[in-house]
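Please keep the sequence and the structure in view while reading.

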Amino acid sequence: MALKTLVIGNGSCAFDIVDNLLSKNVEVIIATRDNSLHQKFSEIMGQNITEIHTETTIHSCTGAIGNFTISMKNNNKSIIRIVDCIVIAEDSFRKTLFASYGLSPSTKTISLSDLDNPENYKNIADENKSFVLLKGLKFESNPVISKEVMDSSIKLASHGQSKIYILTKNLKVAGNRLEALYRKAKKAGIIFIKFTDSEPEFFQGEDGKTCIEFTDEVTKKNFSLTPDITVVDESIVPSDYLETLAKTFGLNIDCSGFLQSDNVHRLPAYTNRKGIFVAGPSRGISSPEDYKAEAGTAAIAVLNNSDKNNYDIKDKAYINKGGCVRCLTCYRICPHKTISLNSTLSVMPEGCEGCGLCTAECPKNAITIENLDHKFLIPDDKIQNADSASKPRITAFCCSRSAAEAYKLAVSIGLTLPEGLKIVEVPCAGSISLTHILNSLKNSTGGTIILTCHEGNCFSEKGNVFAHNRAKSVSKMISDAGYKKERLMTYTIASNMGKEFSNILNDFEKNIIDLE
Amino acid sequence: MKYIKEERIKIDKSKITKLAAYHDPCNYGRKAQMLFGHGYFQEPRWIMDQCAEEWVDLYPMEMNQTCCGGGGGTLTTGNDEERVYYGRKKIDQIKASGAEMIVVPCHSCHGQLNNIKKEHGFEELEVKYLWEIVADALILK
Amino acid sequence: MTEADKRVNLDQLDHDSCRSWDYSQDFCVTCGICSSMCPVSGIDDFDPRKLVRMISLGMENEAVDSRWPWICTMCGKCEASCPMEIKISSIVRKIRSLRERDEVPGILHKGLETALKTGNNLGLPKEDFEFILEDVAEEIAEEPSFENFTVEIDKKGANILTTIHNKLVNTHTDDLKHWWKIFHAAGEDWTVPSENWEGTNWGLFTGDDEAMKKMSGRIVDHMKNLGAKNLLWPE
């Protein structure tokens, strides 16, 4: 059976994804909020079984990879489809920045898109002599905007214009051939005026012309500029639709509102949900070439799920129906949005990553994860007595993605570790519950140490933060109870930090010995 | 250099008793490197090795050597106040090296250093041409 | 005068006026590394970055009229450190060359003119020059181990021809002795020209390429006329 994929998007990146998927015989359903690319999509339709829904928004989504049930709305008409994967590639918006400079658009003060518009370009370039392009003076602009500003200036220069000025804050030229472009612009005779400590002042006349006054920071001389045309830069912002989509699909967003959290595990096209991918202008700001590459990457990510026999349907976590009180804590906390809300709550195994965040947080201890029962993990008194080591017994909770790997590295390169060390490998530090920590403190003669991934680097988004917060609250509890809080420590570590692992553990052991 | 290598002249290192430091003139070092692709950094140092048991390099040196302040015709343009002021860094640099004698192979540097040492409180500094210390250390037949 | 009156309308400047100069000045990224390396930075508000910027904007006249190029020591640290490989010291020299010749500060241009006319920056006549050299030679001959020391002027076919810095026959005659002693100890066959012996080439400092060529040309002529094999030009 062919892989069925829903593509949400309206721009060229979405088009490229559809094109790529169709060429691999994927069955594609397209849902666009507008109908701007209808014609373009129609051209490639017909080769395969493909549906296109224009002016259609996503209403809800249930299920997991291989079995997403999507409800869409088209003018109050409801459309229900079941798909295996979902790709989101909604175009971003251009926001003009006239207001931030205190300017208003006119025939003499235009936006970057106005200048680049092929219909106007010839008239603008023919009829005017001097140009000022503003770039990132109020908000730092993305390299994509820097590139466009320089490209436009060079185009003007090649059109015969000799007075072209780019007013910019720090011009960052790392990556994407920007430095070569900068040299080209310099060669074309474009004058860059850089502002780091000061800002130019803008005055707009009644004819719409902008006059700019400033002090050149290098020569410390006062200048004014009255160009024929002032070009105001733009910023690129995520589509307002993304916020709705994030809520509908339970996706994390990054600090600028794009649909991929700032987390290295999500690169290149993944989201916090299995089977939902994001590309191009929904993922971040990049050049058109990069968007094209991202369309390919997203298509590959979809195709990796072609073989449905490979779907991981083994139960990694299950909810004990007798214990569950439907408080929805698990539904709220699951970083992969894989708790199904039917008559009884259940974990959808296809989407589950087995991180155990739900287990640790469930107030009724009603969720079980294989190998994560605290009874199995923590050495009890008997084991402890059998251990004749005179050194303090140390329990180290290690996230399997970072600290456990660092431990293996430390062992393999022969670094010294405390004799009484007991490693407890957990799928994610977020699965370490209060019970785990308290039991460990009760049963270890020495101390307990929790080693997590670095912040912002957790596969379960916030598992490490949960672990640190829990340790903090236990720390408070035990010190209130007169127990030395130095016996419980937390650290962040990465999988390649074997040496640091050894250092942290040895220092911890030394501190514990000093306490006794 | 050739004379010393071919033993046409012989040098007595013990004749140089003060601790010397070597200064790269801008024109022989840095600018020669930039214009002609070879800066004379190692050659004079080799001569220093032949003439003195012990001598020191200033820091920074070679391509980054501090300018003495006497170049570019500033000795003759009449801007003396400025010229003396530029030299402060050079004198500080020599002081920091602990040397009592500065060896230069350039007339401008020689003139400048001799001229400014008093203003910057280093009157006891001895300024010598590179060939002067060779001449001083000659073993005479 | 108010602040606004002093404002220069930037688009009235001719940014192309210096664009034919082949010193890459337009590539300046105004990073300021040159200014931090420059020994002259801060004096008279000068720093090399400003000068490069002014040239790039076409403010040629202001640069030529200012003292800046003349207080520069032409040490080249700016150029050696420039990440964009801008030939800053060449720019300084170029600006110096654009100054009206009689406005060149100090004795630089006068000395150069004298040298072009008389063969040396001092205008020292041939007889006086020969007298000084021989006087110094006699002084050397009085020292032990140098009993038979003489200076042979205008000797043909010598192995080394050496030029003289004007200050050595003016105020610092003792400093002539070092090289001569080395020549003597090495048994070198050497000579000094009696005319046009000036080794210092002030054309380098005033930016006068023509004069520089002429001065160097004279030394080349000496080499040819006297048939000397090597040149020692300790400047």
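Between chain B and chain C there are 15 residue pairs in polar contact, both residues at pLDDT 80 or more; a polar contact is a pair of N or O atoms within 3.5 Å, where within protein one must be able to donate a hydrogen and the other to accept it, and residues adjacent in sequence count only if both atoms are side-chain atoms. On the side of chain B that touches chain C, the elements giving two or more residues are α2 (30–36), α4 (80–97), α5 (107–116) and α6 (130–137) of chain B. Helices here are DSSP runs (H or I, at least four residues), numbered from the N terminus. By class, that side of chain B has 15 nonpolar, 14 polar and 7 charged residues.

The model is predicted: local features need pLDDT of at least 70 and side-chain atom pairs count only at pLDDT 80 or more, whereas totals for chains, interfaces and linings use all residues. Residues are numbered from 1 along each chain as its sequence is written, chains are lettered from A in the order in which they are written, and side-chain values use heavy atoms, with hydrogens and water left out.

In total, 36 residues of chain B are in contact (heavy atoms within 4.5 Å) with 43 residues of chain C. About 3,400 Å² is buried between these two chains, with 61% given by carbon and sulfur atoms; buried area is the accessible area (1.4 Å probe) that two parts lose on being put together, summed over both. The interface also holds 2 salt bridges, defined by a side-chain nitrogen of Lys or Arg within 4 Å of a carboxyl oxygen of Asp or Glu. One of them joins Arg8(B) to Glu188(C), with the closest N and O atoms 3.4 Å apart.

Chain C itself is divided into domain 1 (4–99) and domain 2 (118–232), with bounds from an automatic or database domain assignment. The centres of the two domains, taken over C-alpha atoms, are separated by 38 Å. Their contact takes 5 residues from domain 1 of chain C and 8 residues from domain 2 of chain C. Together the domains bury about 440 Å², 45% of it on carbon and sulfur atoms. Within domain 1, Arg93(C), Arg96(C) and Ser97(C) lose the most area to domain 2, together 79% of what that side buries. The count between the domains is 1 salt bridge. Arg93(C) forms a salt bridge with Asp209(C), whose closest N and O atoms are 2.7 Å apart.

Notes
Ala, Val, Leu, Ile, Met, Phe, Trp, Tyr, Cys and Pro count as nonpolar, Asp, Glu, Lys and Arg as charged, and the others, Gly among them, as polar.
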